[in-house]
Amino acid sequence: MNRYRLSIAALLAVVFSTAYAATEQTPATQKQYQLASAGKEGYVLKLVDAPVRSPGAHEVLVRVRAASLNRRDIFIIKGQYPMGKRDNIVPLSDGAGEVAAVGPGVTRFHVGDHVAAIFFQSWVSGHPGPDTPQSALGGALDGMLSQYATLNEQGLVALPKHLSFEEGATLPCAGVTAWNGLVTRGHMQAGDYVLLEGTGGVSVLGLQFAVAAGAKPIITSSSDAKLERAKALGAVGTINYKTTPDWEKSVLELTGGLGVQQVLEVGGKDTLPHAIASLGSGGNISLIGGLSSFGGDIPALALMGRNATVSGIYVGSRADFEAMNAFIAEHKLKPVVDRVFEMADAQAAYALMESGNFFGKIVIRP
Ligand SMILES: NC(=O)c1ccc[n+]([C@@H]2O[C@H](COP(=O)([O-])OP(=O)(O)OC[C@H]3O[C@@H](n4cnc5c(N)ncnc54)[C@H](OP(=O)(O)O)[C@@H]3O)[C@@H](O)[C@H]2O)c1
């Protein structure tokens, strides 16, 4: 009996010492970037010392080890993103790190787990709700360019074990968007021709998913060197959209005149007509981006005649993220990280993103 009591006491000591150690290591303040208003110019990045908020009930404190940039973050800092203006918001939706402490009642995670935040904190599964956009990190809510983030346990997923924090941080927006477009909504099958536009975050992850699924990706780029990199990743067809402005003709040639079954349409107004002309019978276009501005016509009759679908995609749910992670783990996929910047160099990371001189994803280590 005594021995039994002793071992319970020892167990409790271990449990409490672990929790204590985790809290003790957590500093009171942290380095964090915020977006300070720059009037009509949008915002500027401001590095501040901010308090670390202890996790409350059902909350998890994450030590953010990597955060990644999306084109959205350039639109936001320039004041061109359709969100209510809010000063001092913490930027970047995408981040990954380790659990530093958990609040009362947390059941999904333990101290030390490797996690990533989900883009829409309130979209767990099924259809998005009317308030889903108000739960986007780095937009409506404070984001991940911060050494610590305190989030509800429902707003996190476990990272695939073979991924580094830098690789994991590429997934919440770009990865889930590509997955939602190709798989959840597009129902991509092995053997499908898949069209990707440009070699940015969404498109390169889409290329990797297509290759792993046994589909046949065709990708466009303004750079022959980037097209070579895409070929090395498994693209079956590459087209330079600068030197071949009517690139739908090349897509039709590459597909034996049949067209593609899937398009991740990130280009927007200027690329949509080419994407529609590239589409085969029963195909799906996922409307995702507006790199050349948003807009464009949807030719109803032509799409009907091809039994085609056009899907509006706005990232995806936690269920999409978890399904994607299972696929990434099964295929041991490694997202392509072009460059990693230290926290102090966040401005340079933004500049590289804006320049377009990268392939895949850009990451910052907070
Ligand atoms: N709806 C959603 O949920 C969602 C989610 C993620 C992203 N997006 C949107 O999708 C788009 C892509 O996002 P991202 O983060 O993947 O961008 P990104 O990483 O910045 O990718 C930019 C790349 O796209 C290519 N590109 C630029 N302008 C182009 C054009 N006019 N036509 C074709 N390709 C062009 C270029 O590739 P090359 O250098 O190879 O030419 C460029 O490097 C953005 O508009 C973004 O806002 C939407």
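Two residues are in contact when heavy atoms of theirs lie within 4.5 Å. In this predicted model, local features need pLDDT of at least 70, side-chain atom pairs count only at pLDDT 80 or more, and totals for chains, interfaces and linings use all residues. Residues are numbered from 1 along each chain as its sequence is written, and side-chain values use heavy atoms, leaving out hydrogens and water.

Phe 321, Phe 209 and Met 324 have the most contacts inside the largest nonpolar core, a group of 47 residues. Such a core is a set of buried Ala, Val, Leu, Ile, Met, Phe, Trp, Tyr and Cys residues joined through side-chain atoms within 4.5 Å; buried means under 20% relative accessible area, exposed over 50%, and partly exposed in between (1.4 Å probe, protein chains only). Two or more residues each come from α4 (171–184), β8 (193–197), α5 (201–212), α6 (224–233) and α10 (318–331), with α4 giving the most, seven residues. Helices (H or I, at least four residues) and strands (E, at least two) are DSSP runs, numbered from the N terminus. A second, separate core has 36 residues, including Tyr 33, Tyr 81, Val 106 and Val 115.

Next comes a loop residue. Ser 146 lies between β5 (114–117) and β6 (148–152), and is buried, with a relative accessible area of 1%. The side chain of Ser 146 makes polar contacts with the side chains of Gln 30, at 2.9 Å, and Gln 32, at 3.0 Å. A polar contact is a pair of N or O atoms within 3.5 Å; within protein, one must be able to donate a hydrogen and the other to accept it, and residues adjacent in sequence count only if both atoms are side-chain atoms.

Helix α11 (residues 346–355) has buried residues Ala 346, Ala 349, Tyr 350, Leu 352 and Met 353. They cover an arc of only 160 degrees around the axis, so they sit on the same side of α11; the arc is that of the directions from the helix axis to the C-beta atoms. The buried residues of α11 pack against β1 (29–37), β2 (43–51), α2 (71–77), β14 (337–342) and β15 (361–365).

Finally, there is the ligand. An oxygen atom of the ligand is 2.7 Å from an N or O atom in the side chain of Arg 71, and a polar side-chain atom of Tyr 241 lies 2.7 Å from a ligand oxygen atom.
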